[in-house]
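Subject: Handover of a structure and the findings on it

Dear colleague,

Please find the structure below, followed by an account of what was found in it.

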Amino acid sequence: MKNYVVINTHIHNIDGIAKVTGRAQYTFDITLPNMLYGKILRSPHPHARIIDIDVSKAERLPGVKAIVTGKDTLGIKQGIWRRYKELCDEPILAIEKVRYIGEPVVAVAATREEIAEEALDLIEVKYEVLPAVFEPPEAIKKGAPVIHEGFERNINVTRHIEWGDVDEAMKEADYIREDWFRIDGQHHVCMETRCAVSSYTPDGKLLVYTSTQAPYYIQVLLAWVLGLKESDVRVISKYTGGGFGGKFELDAAQFVSAILSMKTYRPVKVVFSREEDFIASKRRTPMYYYTRTGVKKDGTFVARETRVLTNGGAYTGMGATALYLTGFFHSFPYKWKAYRYDGFRVYTNTMPSSAMRGFGAPQATFCSELQIEWIAKELGIDPFEIRRKNGHTPGYEVPGQAYIQSCGLRECLDEIEKWVKSKGELPPNRAIGISCYGFMSGGIFNWFDTPYSFSSAVVQINYDGKVDLFVGAQDIGQGSNTTLAIICAEELGVRVEDIRVHSGDTAVCPPDLGAWGSRQTLMAGNAVKMAAADAKRQLLEIGAAKMRPNIVYDLDIRDRKLINLSRPERWVDYFEVVKDALRGKEGQKIIGRGFYTPHRKGMISPAYSYGVQAVEIEVDRETGKIKILNCVTAHDCGQPINKLGVLGQLEGAVAMAAGFGYLEYMPFEEGKLMNPNLVDYKVMRSTEMPETEVIEIETYEPEGPFGAKEAGEGLTNPTAAALGNAIFHAFGLQMKEVPMTPERIWRALREKKEK
Amino acid sequence: MEKRLIHLNVNGEDYELYINPKTLLVEAIRDIIGLTGTKRGCESGSCGACTVIVDGMSVKSCSVLAVQADGKKILTVEGLEQNGKLHPLQRAFLDYGSFQCGFCTPGMLMSAKALLDENPNPTKEEIKEGIDGNICRCTGYNSIIRAIEAVAKGQYKEG
């Protein structure tokens, strides 16, 4: 490995001081002069036609400044998959029909929050309640209620992935197993609920502060639905109180605050209550999985055939992506001679489902890894051996889908096997389960139809040698500002404290698709590296004149010194070189530009992370209660860039993914979420958190900056599966529903006893 | 409803507020006094983002009325730092990467401070229990626990 100065060293998060002192100003904290407060009246029905809306009483309430319904908008059905018109189906403020409980119907702006709330009570909406349907198996039946016109059997999107001949390959199998699984949704539970402050001014310009993962998307989508020019919409999102996949589509806080501000020419703030955030944002996609797998006696995988129905809820959002990715990652990280996947995303009268950290892969991984474990047991093959035998290796091509360059899966398996063996014989109330996983480092499709590069960066060096780095990438807590500063510092040869990162402002930062799909380290990282290299080249011109090296490539900048690499004792001070370079450019700042768009990298992503996780649990054999004791992960994210950041991603993912596995549950009754609060919806708390250990397997990814690839979402994929396998080894239970709540385990135990 | 006059001492500063008695302490701190470091993450007193210290006790400021704090000394996250010098817990949080999005961090720091003030040598289990009322959706808590342990062990002396 190369000897880096900054990369993978102990670097504090560059936004840390703001965050630990309370200085960080979130959208939730913003108050503008003359500001109004917006509130949203939501549908109480899962499916109904709007007959009439009477706002006359509410309008007369003193303090009420504006009321809007869907009729006051341009009525555009928007969606983030802009390239595909039929997938743009969400008007945000309902027009004619409501399709889920909580759908926004009317919005009010008033001088005080209480007045806006009181006004909501005075609005009368007449509905004609329509028959509703909540689960995909019912929604696809003939004669089921029609949720959107033109979608036969409520099928919103289908996705097909196939390679090889599954039917032929299955004939070679000595053992075939089929299983059905059901995976529930999960809520993002961002600590900062969705919120926005919009200010529209008489010059026709709109300024929007909002909590988002992708300011550029919000800028473009708002301009579209409001009939404005993109550049007249400025979106600022300096700090985002969590995202996890839930904050990169246009949401009602953004849309409603903007449209109310356009009506009143005053700033309008909209903050979702926790309940609103639960019932009317989006969620991890619930899925019904059928999977059939054929293997040879020796454990060689020959074929897999999978069909998935996903509960799309009322609108598309990012659902089409989740549907594709779950199909792809159900094959991952194994080599299949033949694979066939058919996914159907089904509209129902429930809250829309969309992206959440892992993006379809945690569901896919659970169903795959449990079935593999059961097959291994039936065939009497060691669980590590069956995974090693079939796992991806460097240079492998997933036919028609992906080309794998770096892959540390085998090393990860070795390390986790060592750890498991080191535990020796476990007491009877303890068990360990493992799971392999992997994930993409950003997606390659341009469904958003952006004309811009996927990532861009500008490096500006000032007279004193300090650097302003402008990125469109969005720091939502994962630490991308720090990671990108590290990449910039390493490439340019300065220190992180020499760099100020500017992000989260569409008027200042170059466009970037934002923080989702684990894309920023690789994509924005490549853009930053290129921009820094561009700026450095301009300094080396001056350096060459000063140092007069034999070959110009002998020069580089390392830790604030411009050095001759072949004779490192020869160097000149970086700061002096900058001064000369800037004067030599007629007083212009040194500016470097960089960009990245993936090109010819298969169907999914330029690079993939790999890993193996083991979860050790302690169980109560009577009640089925489980406690997670340890979670050990061997992880290949290429070259780690941000040491504290990677560890933080890993530990945080364990909490979120374990929650998905056994705690977090979204029960609906007739389309109504029964636990829309943090008392009844259980997220992991400190006392439930297991010990976490990480083993970094360093590989070099040629497509990534300094060999780096993703370390954000992939870590959410294995934990539920490893937990499921631990439960299998502890109780002999084959859990086929997620979350594996104590009640479900207890019921399964009782059923097993009765048998 | 008749307004009431109350006195709060927040981070050493005296404030005189003339408020609706229904005003929550968190509203007084954030919306009236203007210290927005303290956050709100729910309406049910279950996330801990609004935790402040009132007369030495950690309190969820969304669950008490401002009038209940009349005459009391309140410490918020803004009061941890002294003349640009970070509090040991703040330094440890930076060193251990004990925050990500940062939204829960002010409340988490106040729970940690209240814990260490009451019990300067907590066990790991006691630390976990001390912050059990604070939800962090990003970090998985372990980095927070390590930071608090380090401060308890005296690795970040004041001053």
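A crossing of two helices is called left-handed if the near helix is turned anticlockwise from the far one by less than a right angle, and right-handed if it is turned clockwise. The model is predicted, so local features need pLDDT of at least 70 and side-chain atom pairs count only at pLDDT 80 or more, while totals for chains, interfaces and linings use all residues. Residues are numbered from 1 along each chain as its sequence is written, and chains are lettered from A and ligands numbered from 1 in the order in which they are written.

A helix pair in chain A

Helices (H or I, at least four residues) and strands (E, at least two) are DSSP runs, numbered from the N terminus. H9(A) passes H10(A) in a right-handed crossing. Helix H9 covers residues 319-329 of chain A and helix H10 covers residues 361-379 of chain A; their axes are 8 Å apart and meet at an angle of about 30°. Axes are lines fitted to C-alpha atoms, for helices over the stretch in contact, and angles run from 0 to 180 degrees between N-to-C directions. H9(A) is therefore roughly parallel to H10(A); angles under 35 degrees count as roughly parallel, over 145 as roughly antiparallel, 65 to 115 as roughly perpendicular and the rest as oblique.

Two residues are in contact if their C-beta atoms, placed from the backbone, lie within 7 Å. H9(A) contributes A:Leu325, A:Thr326 and A:Phe329 to this contact, and H10(A) contributes A:Ala361, A:Gln363, A:Ala364 and A:Thr365. By class, the contact of H9(A) with H10(A) has four nonpolar, three polar and no charged residues. Here Ala, Val, Leu, Ile, Met, Phe, Trp, Tyr, Cys and Pro count as nonpolar, Asp, Glu, Lys and Arg as charged, and the others, Gly among them, as polar.

A sheet in chain A

Chain A contains an open sheet of seven strands in the order E3-E5-E1-E12-E9-E10-E11, with mixed pairing. Strand E3 (64-69) and strand E11 (233-236) of chain A stand at the edges with a single partner strand each, so one side of each has no neighbour in the sheet. On average, neighbouring strands of this sheet are turned by 20° against each other, direction ignored. Two strands pair if DSSP finds at least two bridges between them. Strand E1 (residues 36-42) and strand E12 (residues 268-271) of chain A pair in the parallel sense over two bridges, and A:Tyr37 stands opposite A:Lys269 in E12(A).

Helix H7 (residues 252-264) of chain A packs on this sheet and touches E1, E3, strand E5 (104-110), strand E9 (195-201), strand E10 (205-210) and E12 of chain A. The direction of H7 makes about 25° with that of E9(A). In the loop between H7 and E12 of chain A lies A:Tyr265, which has a positive phi of about 55° although A:Tyr265 is not a glycine.

Cis peptide bonds

The peptide bond from A:Phe332 to A:Pro333 is cis, with omega near -5°, and A:Pro333 lies in the loop between H9 and strand E16 (338-347) of chain A. Another cis peptide bond joins A:Val738 and A:Pro739, with omega about 5°. A:Pro739 is placed in the loop between strand E33 (737-738) and helix H18 (742-754) of chain A.

Domains and the contact between chains

Domain bounds come from an automatic or database domain assignment. For chain A this assignment gives domain 1 (31-130 + 191-242 + 247-279), domain 2 (355-442 + 602-754) and domain 3 (454-596). The C-alpha centres of domain 2 and domain 3 of chain A lie 37 Å apart, and their contact takes 24 residues from domain 2 and 17 residues from domain 3.

Chain B is divided into domain 1 (4-79) and domain 2 (88-152), whose C-alpha centres lie 21 Å apart. Their contact takes 15 residues from domain 1 of chain B and 13 residues from domain 2 of chain B.

The contact between the two chains takes 39 residues from chain B and 42 residues from chain A. Helices H2 (88-96), H3 (105-118), H4 (124-130) and H5 (142-152) of chain B each give two or more residues to the side of chain B that touches chain A. That side has 17 nonpolar, 14 polar and eight charged residues.

Yours sincerely
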